[in-house]
Amino acid sequence: MPVNLGDATIERADHANTTVWVADVLRASIAAGELLPGTKLSEQQLAASLQVSRNTLREAFTMLSIEGAVTRYPNRGVFVAAPGADAVREIYRVRKMLEPSAVLWGPELDLDRLDAVIAQARDAKARGAVAEMAAANQAFHQGLVAMSGSAHLQQVMGRVLAEMRLVFHAMSSQPDFHSTYVEQNARLVDLLRAGKRAKAAKVLQAYLDSAEAELLAHVHP
């Protein structure tokens with residue numbers, strides 16, 4: 001099966017480390033929904049497409065395997081991961097520590113950015129565009145963590161959101177899953193605009209608890 005990296009390719013000139021660049025490209029493709037759970041990652045095809053050595057590609061696979069984004073199977077190769085219940089729990093452990101903290105204490109509040117994402121989500125919801133709603137939801141939560149002002153925390157969130165995209169595949173038969181959160185995101189912005197950060201953080205914590213429970217009901221054990 002051909003691997004489609006779509007529009008997720010990241011400028012190589014921005015990366016001094018080629019292995020990190022390759023991992024970033026593959027992670028971004030996963031986060032964009034271009035590499036689905038179970039997709040086999042062909043060393044030959046990817047090495048040629050990205051113009052890197054197979055050794056560099058294997059090092060990038062190792063990075064992504066540690067993150068849980070890909071899975072190695074002996075004598076079979078490397079595949080995009082299909083996260084189960086344990087992975088969902090770990091994802092939400094990270095999210096519930098990271099996102100409410102950014103909402104509560106983050107120094108870089110950018111409501112215009114969040115408003116724009118909500119507008120995109122509402123438009124996608126009106127058109128029944130589930131994949132676009134999911135992408136907007138991802139962008140919203142990335143925007144929340146961006147409030148921290150920390151590039152490192154945003155990188156952590158990027159890795160978490162790549163795993164989330166894989167989890168979303170389990171919800172393909174539940175299109176209402178994403179639509180539920182469009183207006184909840186809007187409510188969070190309203191609270192932030194009113195200066196009610198503590199309330200927003202509490203609401204977000206409950207929101208994440210609910211999303212985790214719903215996902216756990218649909219992923220494999």
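Which residue forms a salt bridge with Arg54? Keep that in mind as you read these notes on a predicted model.

1. **The bridge in question.** The partner is Glu43, and the closest N and O atoms of the pair are 3.9 Å apart. This pair links distant parts of the chain, with Arg54 in helix α3 (residues 54-67) and Glu43 in helix α2 (residues 43-50), 11 residues apart. Arg54 is partly exposed, because its relative accessible area is 38%.

2. Arg58 has a relative accessible area of 36%, so it is partly exposed.

3. **A link across the sequence.** Glu183 and Arg122 form a salt bridge of 2.8 Å, N to O. Look for Glu183 in helix α8 (residues 176-193) and Arg122 in helix α5 (residues 111-127), 61 residues apart. Glu183 counts as partly exposed at 38% relative accessibility, and Arg122 is partly exposed at 41%. Elsewhere, salt bridges with shared partners join Asp24, Arg27 and Glu67 into one network.

4. **A charged patch.** Arg187, Lys196, Lys199 and Lys202 form a positive surface patch. Lys202 lies in helix α9 (residues 197-216) and counts as exposed, because its relative accessibility is 63%.

5. **The whole chain.** You can find 9 helices and 2 strands here. A compact globule of 221 residues would have a radius of gyration near 17 Å, so the chain's 18 Å agrees with that. Of these 221 residues, 45% count as buried.

Conventions: Residues are numbered from 1 along each chain as its sequence is written. This is a predicted model: local features need pLDDT of at least 70, side-chain atom pairs count only at pLDDT 80 or more; totals for chains, interfaces and linings use all residues. Side-chain values use heavy atoms; hydrogens and water are left out. Patches are made of residues with over 30% relative accessible area and no salt bridge: like charges are joined within 9 Å, nonpolar side chains (Val, Leu, Ile, Met, Phe, Trp, Tyr) within 5 Å. Accessible areas come from the Shrake-Rupley method with a 1.4 Å probe; for residues, only the protein chains shown count as cover. A salt bridge is a side-chain nitrogen of Lys or Arg within 4 Å of a carboxyl oxygen of Asp or Glu. Lys and Arg count as positive and Asp and Glu as negative; His and the chain ends are not counted. The place of a charge is taken as NZ of Lys, CZ of Arg, CG of Asp or CD of Glu. Helices (H or I, at least four residues) and strands (E, at least two) are DSSP runs, numbered from the N terminus. Buried means under 20% relative accessible area, exposed over 50%, partly exposed in between (1.4 Å probe, protein chains only). The radius of gyration is taken over C-alpha atoms; the globule rule is 2.2 Å times the number of residues to the power 0.38.
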